[in-house]
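Hello,

Here is the structure I said I would pass on. My notes on it follow below.

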Amino acid sequence: MAEGHSAEGVHHTQSVDDVVDEQTAVQVVYKPRSDDTLVGLRVRGRIKRTGLLLRGVFLTLWVGQWLFAVGRGRVDLVSTVLFLFVVLIVWGYPRLQAASVQRLVGWQGEYRASVSPAGVTCQTDHSTLVLKWSVFQGYRETADHFVLLSRDPNIMYLGVLPKRGVHEAEALDRLRAILDLHTPRV
């Protein structure tokens, strides 16, 4: 272990795992956008299958209600309007959630994520978050993002790394290799 003192005179201990290897680390620098979060939420929904289940339940209920109404000889306008409202809510909720997350993280400005064999370190001008690989159950690659999914059953933490934040072409391959080495694709 390396020991030292900070400029304020506070004693701190740093392990070898905490030191980022600059040769293998990949830097991802980006300003978070609402669509980044939306991609993460969609990936989480596919992994958990809750979105598919929710849509299936609503569709089944509506079709059952509609068939019941047709069997009686008339289609109820109120039920049809309520169904359309529920469809709008199911479609719009992830977008509202992504906009809410954007309000929480957007004010921090530029994010500088470093992905290394030790884990993922994300810094802004206001905060630093260090996550070891044991936090993640896996990752999924989309066309424009790498989405890291937490290990907890509800996947409460999503790490979304936009590919636009990688400024070197070969760094994307290094990033993919680090992710493949330390966490499985899901």
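Strand β4 (residues 111–116) pairs with β5 in the antiparallel sense, over five bridges. Strands here are DSSP runs of E with at least two residues, and helices are runs of H or I with at least four, both numbered from the N terminus; two strands count as paired if DSSP finds at least two bridges between them. This is a predicted model, in which local features need pLDDT of at least 70 and side-chain atom pairs count only at pLDDT 80 or more, while totals for chains, interfaces and linings use all residues. Residues are numbered from 1 along each chain as its sequence is written, and side-chain values use heavy atoms, with hydrogens and water left out.

The link from β4 to β5 is a hairpin through two residues.

Strand β5 (residues 119–123) is mostly covered, with four of its five residues buried. Buried means under 20% relative accessible area, exposed over 50%, and partly exposed in between (1.4 Å probe, protein chains only).

Helix α2

Leucine 61 lies in helix α2 (residues 50–72). Leucine 61 is exposed, at a relative accessible area of 56%.

Regards
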